[in-house]
Amino acid sequence: MALVSLKVMCEKASKGKYAVGQFNINNLEWTKSILQTAQELKSPVILGVSEGAGKYMTGFKTVADMVKAMIEELNITVPVALHLDHGTYEGCYKCIEAGFSSIMFDGSHFAIDENIEKTKELVAVCAKKGLSLEAEVGSIGGEEDGVVGLGECADPDECKKIADLGITILAAGIGNIHGKYPANWTGLRFDVLEKIKKTVGDMPLVLHGGTGIPTDMIKKAISLGVAKINVNTECQLAFQEATRKYIEEGKDLQGKGFDPRKLLAPGCEAIKKVVKEKMEIFGSIGKA
């Protein structure tokens, strides 16, 4: 199956009151683990790629070609979108050229007029190529690829201005943050989410920072129009812990030398577990 945009999968999710999971990839092993889990559970899936991860994997074309080949070799039949996560203006164009099926332009750090101007330009480009475009209003708290957001809540009126440009899906800050949530976190601002949804109408919404948000909050957010939820930190932490235990137990030192396939296997299994748990919470299992 060829890569797909977010349009059909997220519109379907919005109408069905479930969310599609975006799981960020950092290498071949992570990508393989996520694709295999999605296929097993018959769930649509979004592979997110930050600009930092794209650079680490030698470039966006390498990532796109790897994902397309892997889908073919693994006989993946569920819908898969390859999506730039928190893309810069320049990064969006690089991913469009590389063969991604979806991009996110994060113009939330610009003044609203500049955010609108750049988003409008990218909407036109994506429309010609059949790609989906996610835009953001209101910064998401925490750090993402060196960019630190304070977690301001989005202005519903500004959300409408961006939504009306013809974007596919909208990410709006509602108190969510990247990374681990601090002990004094007060929770998602559902009052803001309701106002945004009322303002933008049928536009599917995105919840960034899916790691650590309580299940009841996630389900309430989905009921209020969230159709895409991003997960990254939880996979990183699970992979790190599983790999650490494997090394400490000395299982990779069996007189045969270093074997990366054995070393990475526990971490990959940990990622699969996270993806399964999240897909179940999001309600996307069997929705391919």
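This is a predicted model: local features need pLDDT of at least 70, side-chain atom pairs count only at pLDDT 80 or more; totals for chains, interfaces and linings use all residues.
View 1. A pair of aromatic rings is described by the distance of the centres and the angle of the planes. The count of aromatic pairs comes to four, and one of them joins Tyr-89 and Tyr-93 in an edge-to-face arrangement, with 5.5 Å from centre to centre and 75° between the planes.

**View 2. The ring pair of Phe-105 and Phe-110.** Phe-105 and Phe-110 form an aromatic pair that is stacked, with centres 6.4 Å apart and planes at 25° to each other. Phe-105 is buried, with a relative accessible area of 1%, whereas Phe-110 is partly exposed, with a relative accessible area of 25%.

**View 3. Helices H6 and H7.** Helix H6 covers residues 112–129 and helix H7 covers residues 156–163; their axes come within 10 Å and cross at roughly 20°. Angles under 35 degrees count as roughly parallel, and H6 and H7 are therefore roughly parallel to each other. Their crossing is right-handed. On the H6 side, Ile-112, Asn-115, Ile-116 and Thr-119 take part in the contact, and they meet Glu-158, Lys-161 and Ile-162 of H7. Sorted by class, this contact of H6 with H7 has three nonpolar, two polar and two charged residues.

Notes: Residues are numbered from 1 along each chain as its sequence is written. Side-chain values use heavy atoms; hydrogens and water are left out. Axes are lines fitted to C-alpha atoms, for helices over the stretch in contact, and angles run from 0 to 180 degrees between N-to-C directions. Helices (H or I, at least four residues) and strands (E, at least two) are DSSP runs, numbered from the N terminus. Angles under 35 degrees count as roughly parallel, over 145 as roughly antiparallel, 65 to 115 as roughly perpendicular and the rest as oblique. A crossing is left-handed if the near helix is turned anticlockwise from the far one by less than a right angle, and right-handed if clockwise. Contact means heavy atoms within 4.5 Å. Ala, Val, Leu, Ile, Met, Phe, Trp, Tyr, Cys and Pro count as nonpolar, Asp, Glu, Lys and Arg as charged, and the others, Gly among them, as polar. Rings of Phe, Tyr and Trp (its six-membered ring) pair if their centres lie within 6.5 Å; planes under 30 degrees apart count as stacked, over 60 as edge-to-face and the rest as tilted. Buried means under 20% relative accessible area, exposed over 50%, partly exposed in between (1.4 Å probe, protein chains only).
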